[in-house]
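Hi everyone, thanks for coming. Today I'd like to talk about charged side chains that pair up. Have a look at this one with me.

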Amino acid sequence: MNVAKSSGESIMRVADGLGAVLFGAAIAIVQPQVATALTATQVSAIAEQITVRIDGANTGSGVIIDRQGNNYTVITCWHVVQLQGSYTVYTPDGKQYTINHSQVKRLANVDLAVFQFSSNQNYRIAEKGNSEQVKLGTTVHVAGYPQGTSDIDFRSGSISRLVTKPKDGYAFVYDVGGFPGMSGGAILDEQGKLVAIHGRASTYPNTGSTNVFGIPLKTYLSLIPSALSTQTIATATTPKPQNTPTQPIVAAPTPKPRNIPLSAPPVKTSSPVNVNNASAKFALLQTLTGHSEKAIGSNIKGHVTSVAFSPDGKTLASGSWDKTIKIWDVATGEEIRTLQSNSYWAESVAFSPDGKTLASGGGIFDKTIKLWNLITGQEIRTLKGNLDTVTSVAFSPDGKSLASRGDYSTIKIWDVATGKEIRTLKGHSGVLCSVAFNPDGKTLASGSGDGTIKLWNVATGEEIGTLKSNSYVQSIAISSDGKILVSGGDWTIKIWDIVTGEEIRTLNSYYKVNSVAISPDGKTLASSSGDNTIKIWDLRTGEEIGTLKGHSDLVTSVAFSPDGKTLASGSWDATVKIWRLSE
């Protein structure tokens, strides 16, 4: 049904609304009323009545925001419904309504979308609040349906940051937390009024902290009139008899081009594509279990933080928060050996080029680096010296040096034979997250939370270049020919020409990117993120050519085998998965 309105009708509605506002303002002058805060229980009851669950090609939540006759309008995040296919909308009374992707209207330049379903049932409509009154410290309540469950999740917190230049509309940051599947859910104020839409989370594996983002209601209200007047939003009337929730596959809308260093040409961004593209068929070969799943508070002891292949590709190492490093036989999936880690958790692992030594970086309670003899399983030595959580370690191509995170923002270079510190590299202003040697061994790259990647002369310790990402850099990888560097961080992946310092392309990822890896032939890129998936990209074109699903928690680390035919992934679900490229 076409619910678009003529301009005359739109003007009448605006005029009527303006009259109501002015009339209400007049009453307020005569008899001012102070809004009374509801209890969290009262607000949760409202949230349950206005929030819907969305399952199908993707999963998420939505808010019933308008009604015209029997036609209800639902607002959600665009990334929830951007994939082709059908979706089932589960209303608060348990009824199901089917919509198709073609019935969804995306709102311009933000991560929002609307659709309609038709019903003769009487559903509650969200009362619209004033998002402009939301300030730092304002109490908010968030509701949505976590992925894989039909039970609504409700939580309360406060606004911790207001973003002055929001990306995709995400201007509110709040200390509430959340789960995949809650995207598109309601953010309510203390009167139970809708003030924003919940939609994005960014988790930092090295600290475990999470930023949660929402889009103010004002953004929706400024866009929806033009959206409804330019395109029909079809209704959905066919009930769907079954519930088959799936894991999300998400990608953010294309951001505006950013400034890039060294007078580079305009950035080319990728577009969402069919994830069933047959050009990159990785299939799950096996799941390796063995890291502890025993819970401590809200954390899982067996969070796998890092995975690395041996140079011959026959063994795999995985570091975990359960105080162990496990060595696995890739062919059989059997655990070969367990190394007792150097701290509460092992934050990073790396094989030496000859495959005889393993380096492991310690977590916050230990802050050391240990070198292990992989033949005997014995510790060779411990490297100490003004270290923070060692989020990254990397051997030089000749195996003589080791690079690691130093203190908060520095890099340390170590002599592997003696365990002595060679030098400390200083230049970053934010948390140091990742280091990687160029295959020629002459250059070291470092990625930081300050939004830059720095290039260093290994021999002298001199900084020789800075790539400005303008976003948090969690992970970096360098191609085997040393010409391309890939960085991943806050919702984007950037591809760089190391020689010129130019940004070649930006790839869009909805959740924060935790890890990136380049295949040995330089053709394929793998990235992992907080939506529990691994994305496969064509490195040459920037095309997204596959999404691997199977983990039940955020994926912290990915690594290609030396022949490029196997991919390993480690996750906070305490497992390691082995994926095999189909012949």
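Let's start with a term: buried means under 20% relative accessible area, exposed means over 50%, and partly exposed is in between, using a 1.4 Å probe and protein chains only. Keep in mind that this is a predicted model, where local features need pLDDT of at least 70, side-chain atom pairs count only at pLDDT 80 or more, and totals for chains, interfaces and linings use all residues. Residues are numbered from 1 along each chain as its sequence is written, and side-chain values use heavy atoms, with hydrogens and water left out.

So, K326: buried or exposed? K326 has a relative accessible area of 7%, so it counts as buried. Its partner is E335, and their side chains form a salt bridge at 3.2 Å, N to O. By salt bridge I mean a side-chain nitrogen of Lys or Arg within 4 Å of a carboxyl oxygen of Asp or Glu. E335 is partly exposed, because its relative accessibility is 37%.

How many salt bridges turn up in the whole structure? The search finds 11.

Another one joins R53 and D55, at 2.5 Å from N to O. Here both residues are buried.

Then there's E127 with K193, a salt bridge at 3.7 Å, N to O. This pair links distant parts of the chain, 66 residues apart. E127 sits in the loop between β7 (113-118) and β8 (139-144), and K193 in the loop between β11 (186-188) and β12 (194-204). Those strands are DSSP runs of E, at least two residues, numbered from the N terminus. E127 has 45% relative accessibility, so it's partly exposed. K193, at 27%, is partly exposed too.

Conventions:
Helix = DSSP H or I, 4+ residues; strand = E, 2+ residues; numbered from the N terminus.
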